[in-house]
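Let us read a structure together, one feature at a time.

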Amino acid sequence: MAAVPLSDVLCFSHLRWDFVYQRPQHLMTRCSAGRRVFFVEEPVFDGGPSLELLPSGTVTVALPHLPVEHDRRTIDRQLRALVDTFVREHGVGADRVLWFYTPMAMEFAGHLEGSCVVYDCMDELSAFLGAPEELRANEARLLARADLVFTGGRSLFEAKRSLHPSVHAFPSSVDRSHFAAASSADPPDQESLPHPRAGFFGVIDERMDLGLLDGLATAHPEWSLVMVGPVVKIDPAGLPRRPNIAYLGRKPYSELPSYIANWDVALLPFARNAATRFISPTKVLEYMASGRPIVSTSIRDIVEPYGALGLVRIADTVQETSAAVMAAMAESGASRAAAFDRYLATTSWDRVWSDMARLIQQAAAVGTRPAVAAAAAV
């Protein structure tokens, strides 16, 4: 018997595919095995209106180009027209899966039918700096449409589970072999930094505890504090500038293992604020896979389970973090590796995607979705 073709997937994201390789890229890459996946990004205002298709491995990135940045209503009308034309011209069938990372896409894609609508809630976006006023209302619309809601961590699960009948916690996982196979060669822009090194990789934004970073650099001039990642939404001029803090910028996912392999300790110096209340950082497990000892501030989804299991040292003040870093550098690498191995054996991105795919297949098979009411023109 011939295999039944898998449904196309239209994924709407607030994150760009080539920005930082994280949850959407891991999941959509696995999702694309045997099916077409179109990853629809937010628009750029440099021409058009047109929808540029950019193949990226087995995923096709769809980048909307708009002529000028109009009001929200005009932008959404243009985006809706582009998406509708694309769906028609590329034969994206009615059995498609609609996958939302951003509730704001409901403004231009909420009218689309699909065999299954997924809301993969990886962050509480309404708490982020510069969040649109309409985000909460659009999330309510998305929750009303969704067949399945996935959350990127336990805290988000607890916050969303009363809002929808089918909410499932899927904390982000790790490509273990990618980080375990790092070259021992130090990257050129890091090799001159003296040891001991305490490093962080990820987005540097309002979630970062810059006061803690500055305090550590001042208290320990003998340490190199290595910050790998793009600075977004905050003024780079406001970053602490000390001789022993190195901002190395954004690096490709393929290069991250070589940076962390040459650190002595991996840091998660997150501020404790509204933007971090529900975060469940992917990099905890990536740090583990690299074998580096980990020190983090008391982010809820890090404290439990990782802090409780003794896999991550938890510290908030400069004094506490200093002591935790020094203890981490002195601990047994063999015992740490064994503990990390036991935990990492329980999770993988392949397993996460397999479990998600099973739920999507079950939801799509039910086939009882009511027709979407014709949306008013935006």
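Predicted model: local features only at pLDDT ≥ 70, side-chain atom pairs only at ≥ 80, totals over all residues.

Q: Which residues of helix 10 are buried?
A: Two terms come first. Buried means under 20% relative accessible area, exposed over 50%, and partly exposed in between (1.4 Å probe, protein chains only). Helices (H or I, at least four residues) and strands (E, at least two) are DSSP runs, numbered from the N terminus. In helix 10, residues 300-307, the buried ones are Asp301, Ile302 and Tyr306. They sit on the same side of helix 10, because their arc around the axis is only 100°. That arc is taken from the directions from the helix axis to the C-beta atoms.

Q: What covers the buried residues of helix 10?
A: Read cover through contact, which means heavy atoms within 4.5 Å. The covering elements include helix 5 (154-160), helix 9 (283-290) and helix 12 (333-344). Strand 13 (265-268), strand 14 (294-296) and strand 15 (313-314) are also among them.

Q: How many residues of helix 9 are buried?
A: Helix 9 is mostly covered, with 8 of its 8 residues buried. The buried set includes charged side chains, Lys283 and Glu286. Just after helix 9, Gly291 has a positive phi of about 85°.

Q: How many salt bridges does the whole structure hold?
A: The general idea: side chains of opposite charge can pair when their charged atoms come close. A salt bridge here is a side-chain nitrogen of Lys or Arg within 4 Å of a carboxyl oxygen of Asp or Glu. The search of the whole structure finds 19. One network of salt bridges links Glu124, Glu139 and Lys160.

Q: Which residues form salt bridges with Glu158?
A: Arg154 is one partner, with the closest N and O atoms 3.6 Å apart. Both residues lie in helix 5, 4 residues apart, about one turn of the helix. Arg300 also pairs with Glu158, at 2.4 Å from N to O. Arg300 belongs to helix 10 and Glu158 to helix 5, so this pair ties together parts 142 residues apart in sequence. Glu158 is partly exposed at 28% relative accessibility. Arg154 is partly exposed too, at 44%, and so is Arg300, at 46%.

Q: Where in the chain do Arg176 and Asp341 lie?
A: Arg176 forms a salt bridge with Asp341, the closest N and O atoms being 2.7 Å apart. Arg176 is in helix 6 (residues 176-180) and Asp341 in helix 12, so the pair links distant parts of the chain, 165 residues apart. Arg176 has a relative accessible area of 31%, and Asp341 has 39%.

Q: What lines the second largest pocket?
A: On a 1 Å grid over the protein atoms alone, a pocket is an open set of points where a 1.4 Å probe fits, with protein on both sides within 12 Å along at least five of seven lines; lining residues have an atom within 4 Å of a point. The second largest pocket is lined by 19 residues, and Phe170, Pro171, Ser172, Tyr343 and Thr347 lie nearest its centre. Helix 10 gives the largest share of the lining, 4 residues.

Conventions:
Residues numbered from 1 in each chain as written. Heavy atoms only, no water.
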